[in-house]
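Here is a short report on one protein chain. Keep the sequence and the 3D view open while reading.

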Number of protein chains: 2
Amino acid sequence: MWDHAGVSGSGERGAVADRGGRPALTSARELAEVAQELFLERGFENVSVDDIAAAAGVSRRTFFRYFSTKADVLWVESPAELARFRELLAAAPPEEPYADVLCRAAPRALSHPPERRTWALHRAELLLTVPAVLEKATVRHTEWRRIATEFVAARRGSGPDDLVAIAVGHAVLAATVAAHEYWLAHPDQELPDIMARFLHLLVPAGTG
Amino acid sequence: MWDHAGVSGSGERGAVADRGGRPALTSARELAEVAQELFLERGFENVSVDDIAAAAGVSRRTFFRYFSTKADVLWVESPAELARFRELLAAAPPEEPYADVLCRAAPRALSHPPERRTWALHRAELLLTVPAVLEKATVRHTEWRRIATEFVAARRGSGPDDLVAIAVGHAVLAATVAAHEYWLAHPDQELPDIMARFLHLLVPAGTG
DNA sequence: CGACTTCTGGCACAGTGTGCCATAACCTCA
DNA sequence: TGAGGTTATGGCACACTGTGCCAGAAGTCG
């Protein structure tokens, strides 16, 4: 999940040296591209970091400067998606019920242009089926959840102990994960639609 | 989470040779005990498998015969808890609404005798705060969720594509995780109570 | 005793991730 | 042209994880 185009966040070194210094040989995106291709060909565990580095024309050591983990290479877009989620929530009209805002913002933050569809599907497949990758998901999931929780807490004027805010955060995450799994099983349907359905099922609506 | 006493499942070799052969020097439980102690003292990442093995009086190689991963040592009780969850669901009266059954069974499957309380808290802390451990949680979470989903699907007479069953499964898991996190922040409260509250908030009840 | 079974320990090996350091490639300013 | 600063790279050594392989220990049974 979290598949979408956008500007990479942390690992990005950029292809151009704008502040002087030696220009980078590659970029986080380029590495991610190469890696994902190899993963799809041979399977995640059958591709070593050396393989990725070699295919990208850099050294192993350099790879680990762009990504701190072999699995992290599949989460390049995550910071952009999280940022978009945050922005969509912040831009929502204050009088709109928070449940509605979330049900609208979450699918949109993870939507992608049509030409990226198969790419996103491939990515989702890797993220959801490869255990080693799935495990690394926890950190991103927590962040995604935290955004929703804090949004609800702010709307409700409550603190970090608000059971409802916590519950809604978990519900949003659960719906997101569920939707991606369902999408893999039914690639003919559209991810945002699936997400919306799960969100309406899962987000506690009775409380405003 | 998933903290409770019970008979370990897979890794258990037992302390007695009942089918002939050399008797085991240790047991999965014993290893887990030693390991958890070390983790609490020095922190998960500052304890190597060699350390655990040495403290338990076995070789590194033997440790990996009991547990396939260093983190797995913290999930010894998991099979027992999953089994209990399954049993509680199976034993529920068929006329009771599935949401009620789940809200009753889930907290009970993870409840523990009072003398294990601090032990369970320590365990939960390790499971929820140490990234390397948290990551390994996904597999157990999936199983926990699957049990709930299949139970609901059976009750509703639906298949694996039933959105409601999937959503409820995710809701049960979300409530379980949320409850454990909340418990860590409020150790004075009782875990089953917290779980019940989150379950009532999160499990879609409108659908029977 | 020998035959069979199970658990153990040691070793070698591939792979991951990190710290350290020398060096390459670019900038600006003189 | 060259010096000094900055950034990226590459190589090496190292600790650790997890696995395959195999010899051998320690029981049971006939």
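The report goes from the overall fold to a charged patch and then to one proline.

## Overall fold

This is a predicted model. Chain A holds nine helices and zero strands. Read from the N terminus, its elements run α-α-α-α-α-α-α-α-α.

Chain A has 208 residues, and 53% of them count as buried.

## Surface

Chain A exposes about 9,200 Å². Carbon and sulfur atoms supply 53% of that area.

Which residues form a negative surface patch? The members are Glu30(A), Glu33(A), Glu37(A) and Glu41(A). One of them, Glu41(A), sits in helix α1, which covers residues 28-42 of chain A.

Is Glu41(A) buried or exposed? Its relative accessible area is 58%. Exposed means over 50%, so Glu41(A) counts as exposed.

Helix α7 of chain A spans residues 131-156, and Pro131(A) is placed in it. Pro131(A) has a relative accessible area of 45%. That value lies between the 20% and 50% cut-offs, so Pro131(A) is partly exposed.

How far apart are Pro131(A) and Glu45(A) in sequence and in space? In sequence, 86 residues separate Pro131(A) and Glu45(A). In space, the two are 9.8 Å apart, C-alpha to C-alpha.

Terms used. Residues are numbered from 1 along each chain as its sequence is written. Chains are lettered from A and ligands numbered from 1 in the order in which they are written. This is a predicted model: local features need pLDDT of at least 70, side-chain atom pairs count only at pLDDT 80 or more; totals for chains, interfaces and linings use all residues. Side-chain values use heavy atoms; hydrogens and water are left out. Patches are made of residues with over 30% relative accessible area and no salt bridge: like charges are joined within 9 Å, nonpolar side chains (Val, Leu, Ile, Met, Phe, Trp, Tyr) within 5 Å. Accessible areas come from the Shrake-Rupley method with a 1.4 Å probe; for residues, only the protein chains shown count as cover. A salt bridge is a side-chain nitrogen of Lys or Arg within 4 Å of a carboxyl oxygen of Asp or Glu. Lys and Arg count as positive and Asp and Glu as negative; His and the chain ends are not counted. The place of a charge is taken as NZ of Lys, CZ of Arg, CG of Asp or CD of Glu. Helices (H or I, at least four residues) and strands (E, at least two) are DSSP runs, numbered from the N terminus. Buried means under 20% relative accessible area, exposed over 50%, partly exposed in between (1.4 Å probe, protein chains only).
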